[in-house]
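Hi everyone, thanks for having me. Please have the sequence and the 3D view open while I talk.

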Amino acid sequence: QDLSQWRRLVLPNGLRVLLLSDPRLNVSSAAVAVGVGSLADPPGRQGLAHFLEHMLFLGTEKYPDVTGFDAYLRRNGGVNNAYTAEDRTNYFLEIRHEAFEGALDRFAQFFVAPRFDARFTEREANAVASEHEANLEKDSWREQQVRLQAYASNHPARHFGTGSRQTLAGVTRDELVEFWRRHYSANRMALVLTGPASADELERWARQYFGAIADRQL
């Protein structure tokens, strides 16, 4: 017998939501996809979308502790990650059921009111640079960069999406805030929630925590 229940809806702010309630799931999980990626990087700031992805994890107005989100997940058997593709950025987590609502409250604030604490820009720029340097050893990444050279010189796809110490040197908080406001809007996002909670409860959490994301009608 299939005990799962699916529900799709669109919140008043334009956020598209997909819910899966299934009592057989052993963890609860959430993902937010944003319709912007590395193709939107300013020409002089290759890797900015990826860098912003890193910075969103470092505290919000409601939960300013830079390590608070990761600490909450660790205390509750949770994990999280994110990736920046050319046309989208995806953030996701999983956690034990009892701590799911608390995780959603914290997670939603990434998209409501991130702090972009300037004290940590250099640290995260170094983290992005380290990621790039690790990729240099991977043939698949080298092949990808060779393929990109086939595009016309002024084509958006001929780009460097990861970012490095050189492309992100001196990046400011104002640049991050401007990029976030220009591209992050509820009507360009999709949310998925899965867990054993009822579809009604999942919907209530989606509305309560993610309904506050601004719709900039992008």
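Predicted model: local features only at pLDDT ≥ 70, side-chain atom pairs only at ≥ 80, totals over all residues.

Let's begin with the helices. Two packed helices are described by the angle between their axes and the distance between the axes. Here, helix H2 covers residues 68–75 and helix H3 covers residues 100–112. They pack at an angle of about 155°, and their axes are 11 Å apart. Angles over 145 degrees count as roughly antiparallel, so H2 is roughly antiparallel to H3. The crossing of H2 past H3 is left-handed.

Which residues make the contact? On the H2 side, please find Phe-69, Tyr-72 and Leu-73. On the H3 side, look for Gly-102, Ala-103, Arg-106, Phe-107 and Phe-110. Sorted by class, this contact of H2 with H3 has six nonpolar residues, one polar and one charged.

Now stay with H2 for a moment. Which residues of H2 are buried? They are Phe-69, Ala-71, Tyr-72 and Leu-73. And what covers them? The cover includes H3, along with strand E4 (79–84) and strand E5 (89–95). If you follow the chain just past the end of H2, you come to Gly-77, which takes a positive phi of about 65°.

Strand E5 brings me to my next residue, Thr-89, which is found in that strand. Is Thr-89 buried or exposed? Its relative accessibility is 0%, and buried means under 20%, so Thr-89 counts as buried. The Thr-89 side chain reaches the backbone oxygen of Val-36 at 2.7 Å. Leaving aside neighbours within four places in sequence, Thr-89 is in contact with several residues, among them Val-32, Ala-33, Val-34, Glu-53, Tyr-83 and Tyr-184.

My last stop is Ser-28, in strand E3, which runs over residues 28–34. Ser-28 is buried too, with a relative accessible area of 2%. Its side chain makes a polar contact with the side chain of His-97, at 2.8 Å. Not counting residues up to four places away in sequence, Ser-28 also touches others, including Leu-93, Glu-94, Ile-95, Phe-100, Thr-194, Gly-195 and Pro-196.

Definitions and conventions. Residues numbered from 1 in each chain as written. Heavy atoms only, no water. Axes fitted to C-alpha atoms, helices over the stretch in contact; angles between N-to-C directions. Helix = DSSP H or I, 4+ residues; strand = E, 2+ residues; numbered from the N terminus. Parallel < 35°, antiparallel > 145°, perpendicular 65-115°, else oblique. Left-handed = near helix turned anticlockwise from the far one by under 90°. Contact = heavy atoms within 4.5 Å. Nonpolar A, V, L, I, M, F, W, Y, C, P; charged D, E, K, R; others polar. Buried < 20%, exposed > 50% of the residue type's maximum accessible area, 1.4 Å probe, protein only. Polar contact = N/O pair within 3.5 Å; in protein donor to acceptor, adjacent residues only side chain to side chain.
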